[in-house]
Amino acid sequence: MSRSATGGAHALVGRSPQIEAVRRLIEKASRNRLPVLLLGESGSGKEVVARAIHDARPCGQLVPIDCGSLVGTLMESELFGHVRGSFSGATADKKGLVELADGGTAFFDEIGDLPLEMQVKLLRLIQEREFRPVGALQWRKVDLRIIAATHRDLKTEAAASRFRQDLFYRLEVFVIHLPPLRERKQDIPLLVDCFLEQARESGLAVFCPGEEVMRALLHYDWPGNVRELKHAIERMAALYSEGAREIELPSALRMSAESKDLQRLSEAVDDRSAEEFRIPRRPPVISLPESERRTIVDALAATSGERGKAARLLGIGRTTLYRKIKEYGLD
Ligand SMILES: Nc1ncnc2c1ncn2[C@@H]1O[C@H](COP(=O)(O)OP(=O)(O)OP(=O)(O)O)[C@@H](O)[C@H]1O
Ligand SMILES: [Mg+2]
């Protein structure tokens, strides 16, 4: 895939209806400077979306603030800066992350981990657009956009008094949910292409995922979402580069198929009507042409009908694929 199609290394890849909906929300969000809350499991692309919102109308810089790492007494100074002499060791005035983001975007990552005493200061920052460095007497005005992200359920956190209700209400005005990868598996082939391209650019010898590999990639549920897929592709490319003759799937992928079968089996054993359960049976033998036809149908489905990609998946030429599609009446 060309860079123009991916829109750069940080672009949001995917054509599933869920990702198209996210794209529309990014476009909407980029038209104003209201706070945005990004929700989604780990690795689902929250930071990619934050950058896309910022980049859509670039002004200032995007300053990522990892709320989980803001601990201890220096936390407030990290965020809001301090004035000289405000505590021992404060030998000079220092700007905080919030001031660095002035004119741009402050990305509060893992906002659910922000300590309560900082949450109240963030609320003031959102409502009044002002902050006060440690030791300063004056409030300072600032013009920034706030994007927050979390994998936690903030509503539950607020109900349990671990997150301020008022801050939650402020943030939930514009929410973008990042769907987990298992709910948009049709994006997998495009993402694989994109990560293979990135692996090639970093100097690795790139493999062509055959039918079996693609089937395993599509079958697996990706609890670590896109990040896990990216790492899996990088690892496979690295091993392939080192001269492995076969593409080695990560063990989690190999095991998932086996564990799914085992799970079905144990459910069946637990239940009296075991016979009605779908214990995997050996499939009936089918003719070679029929098997070929089904494989082509699978490849077309896995590539959302993109014939060039389907041909690559199948390890055959494009013309051969066209001929076979005609032969089997699949067009
Ligand atoms: N739709 C996507 N297209 C291309 N790359 C993606 C996409 N979603 C995620 N990635 C890639 O997957 C990795 C994880 O994405 P990201 O850091 O945005 O996830 P996250 O939701 O912020 O995860 P965490 O909650 O763990 O911080 C990154 O390398 C990112 O570039
Ligand atoms: Mg993140």
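Which residue has a backbone N or O atom 3.3 Å from an oxygen atom of ligand 1? In this predicted model, that residue is Ser 44. The ligand sits in the largest pocket, where 17 residues surround it.

**Polar contacts**
- The backbone of Ser 44 places an N or O atom 3.3 Å from an oxygen atom of ligand 1.
- Val 48 also contributes through its backbone, with a polar atom 3.1 Å from a ligand oxygen.
- Lys 230 uses its side chain instead, a polar atom of which lies 3.2 Å from an oxygen atom of ligand 1.
- Taken alone, ligand 1 exposes 630 Å², and the protein buries 87% of that area.

**Composition of the shell**
- Of the residues around ligand 1, the closest are Val 13, Ser 42, Gly 43, Lys 46 and Arg 227.
- Sorted by class, the shell holds seven nonpolar, six charged and four polar residues.

**Where the shell comes from**
- Three helices each supply at least two shell residues: helix 3 (46-56), helix 9 (188-201) and helix 11 (225-241).
- Both domain 1 (3-179) and domain 2 (181-281) take part, each giving at least three residues to the shell around ligand 1.

Key
Residues numbered from 1 in each chain as written. Chains lettered and ligands numbered in written order. Predicted model: local features only at pLDDT ≥ 70, side-chain atom pairs only at ≥ 80, totals over all residues. Heavy atoms only, no water. Near = heavy atom within 4 Å. Polar contact = N/O pair within 3.5 Å; in protein donor to acceptor, adjacent residues only side chain to side chain. Areas by Shrake-Rupley, 256 points an atom, 1.4 Å probe, with all protein chains shown as cover. 1 Å grid on protein atoms, 1.4 Å probe; cavity = no way out; pocket = protein on both sides within 12 Å on 5 of 7 lines; lining within 4 Å. Sits in = over half its atoms within 2 Å of the grid points. Helix = DSSP H or I, 4+ residues; strand = E, 2+ residues; numbered from the N terminus. Nonpolar A, V, L, I, M, F, W, Y, C, P; charged D, E, K, R; others polar. Domains from an automatic or database assignment.
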